Amino acid sequence: MRDVRCHATIETICAALSGNWRDEHIFALGQSLALFDFYQTKVLECDRKLEIALKALEINEGHDVRQLPKVRTKRRQVNTPDFEVRSALYRVLGVDLTQIHGIGPSLALKLVGECGTDLAAWPSSKHFTSWLCLAPGNKISGGKLLSSKTRRSSSRAAALLRLAATTIGRSDTALGAFYRRLSARAGKAKAVTATARKIAVLFYNSLRHGMAYHDPGASQYEERYRSRVIGNLQRRAKAFGFILHEMPGEPDMAVS
């Protein structure tokens with residue numbers, strides 16, 4: 001019954017489990033175990049209810065799961081529902097939201113539960129991110145912008161997207177590279193908000209317009225960012241009457 005990551009010998013485990021246990025401690029442990037088993041049965045009942053609710057949302061026969069893209073990661077997440085969430089959501093939505101980095105099956109289910117299956121209430125992704133309070137504010141007085149700070153929000157969907165942004169910051173993806181670059185320049189708080197907004201836009205476009213997301217990778221993102229910075233520098237230099245030239249590489253020194 002030991003965990004697969006436990007490398008201790010059987011003798012060591014037996015020695016660790018032996019001791020002088022008092023009766024009240026054994027009683028409290030038994031009560032805790034009974035409560036754990038009881039809550040597990042209630043969680044399974046909730047999973048069955050969720051599965052039935054998703055089945056009721058299917059239109060006609062639902063979308064063909066044979067067109068479901070290949071799973072992005074095979075590692076099972078902790079506390080996931082006790083049924084195939086990806087297939088159930090694909091039959092309802094016709095898109096695989098888990099292809100977006102940072103969104104797993106459980107998170108996709110929670111976002112759909114918070115925002116619904118039809119995002120037609122928001123004409124564009126800008127309206128959607130503004131509703132989530134992830135877009136910059138526009139506090140204006142007398143025609144002057146006083147503050148562009150994002151508004152406070154108690155939206156659970158926004159909190160879930162911020163959590164996904166924090167997780168994706170450690171990944172070797174385009175979104176991860178964006179998070180790390182902005183975090184180094186403006187701080188982690190602004191990087192989380194900006195990355196959460198990007199994930200919200202991808203979620204909106206996938207659910208509203210059926211967009212299939214393909215990650216370009218961190219290296220391609222860095223290359224595009226470098227090209228954009230060089231282009232801006234060349235335009236500014238040209239405006240001042242200068243021309244930028246790339247420095248020649250240093251020749252390799254021969255070692256005798």
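# Pockets, a helix and salt bridges

The lining of the second largest pocket is made up of six nonpolar, three polar and three charged residues. In this classification Ala, Val, Leu, Ile, Met, Phe, Trp, Tyr, Cys and Pro are nonpolar, Asp, Glu, Lys and Arg are charged, and the others, Gly among them, are polar. The structure is a predicted model, in which local features need pLDDT of at least 70 and side-chain atom pairs count only at pLDDT 80 or more, whereas totals for chains, interfaces and linings use all residues. Residues are numbered from 1 along each chain as its sequence is written, and side-chain values use heavy atoms, with hydrogens and water left out.

## Open spaces at the surface

A pocket is an open set of points on a 1 Å grid over the protein atoms alone, with protein on both sides within 12 Å along at least five of seven lines; a cavity is a set of points where a 1.4 Å probe fits but cannot get out, and lining residues have an atom within 4 Å of a point. Grid points are joined across faces, edges and corners, and a volume is the space filled by probe spheres set on the points.

The second largest pocket holds about 320 Å³ of space. Among the residues that line this pocket are Leu-134, Pro-136, Lys-149, Leu-182, Lys-190 and Arg-197. Helix 8 (residues 188-209) makes the greatest contribution to this lining, with five residues. Helices (H or I, at least four residues) are DSSP runs numbered from the N terminus.

The largest pocket has a volume of about 1000 Å³. Its lining counts 30 residues, and those closest to the centre are Thr-73, Arg-75, Gln-77, Gly-104 and Pro-105. At least two lining residues come from each of helix 3 (85-93), helix 4 (105-115) and helix 6 (156-168). Helix 6 has the largest share, five residues. By class, the lining of the largest pocket comprises twelve nonpolar, ten polar and eight charged residues.

## An enclosed helix and a cavity

Helix 3 is largely enclosed by the rest of the structure, because eight of its nine residues are buried. Buried means under 20% relative accessible area, exposed means over 50%, and partly exposed lies in between (1.4 Å probe, protein chains only). Val-85, Arg-86, Ser-87, Ala-88, Leu-89, Tyr-90, Val-92 and Leu-93 are the buried residues of helix 3. These buried residues pack against helix 2 (23-57), helix 4 and helix 8; contact here means heavy atoms within 4.5 Å. After helix 3 comes Gly-94, with a positive phi near 85°.

The structure holds one cavity of 30 Å³ or more, and the volume of the largest cavity is about 30 Å³. Four nonpolar residues, one polar residue and two charged residues form its lining.

## Salt bridges

Side chains of opposite charge can pair when their charged atoms come close. A salt bridge is counted where a side-chain nitrogen of Lys or Arg lies within 4 Å of a carboxyl oxygen of Asp or Glu. The structure holds nine salt bridges. Arg-48, Glu-51 and Asp-82 are linked in a network of such bridges. Glu-24 is partly exposed, at 41% relative accessible area. Lys-55 is exposed, at 52%, whereas Glu-58 is buried, at 13%.

| Salt bridge | Closest N and O atoms |
|---|---|
| Glu-24 and Arg-22 | 2.6 Å |
| Arg-86 and Asp-96 | 2.8 Å |

Arg-86 lies in helix 3 and Asp-96 in the loop between helix 3 and helix 4, so this pair ties together parts that are ten residues apart in sequence. Arg-86 is buried, with a relative accessible area of 11%, and Asp-96 is buried as well, at 13%.

## Cysteines

A disulfide is a covalent bond between the sulfur atoms of two cysteines. Here the cut-off is a pair of cysteine sulfur atoms within 2.5 Å. How many disulfides does a search of the whole structure find? The search finds zero. For Cys-6, the closest cysteine sulfur belongs to Cys-14 and is 11 Å away, too far for a bond. Cys-6 is partly exposed, at 31% relative accessibility, and Cys-46 is partly exposed at 48%.
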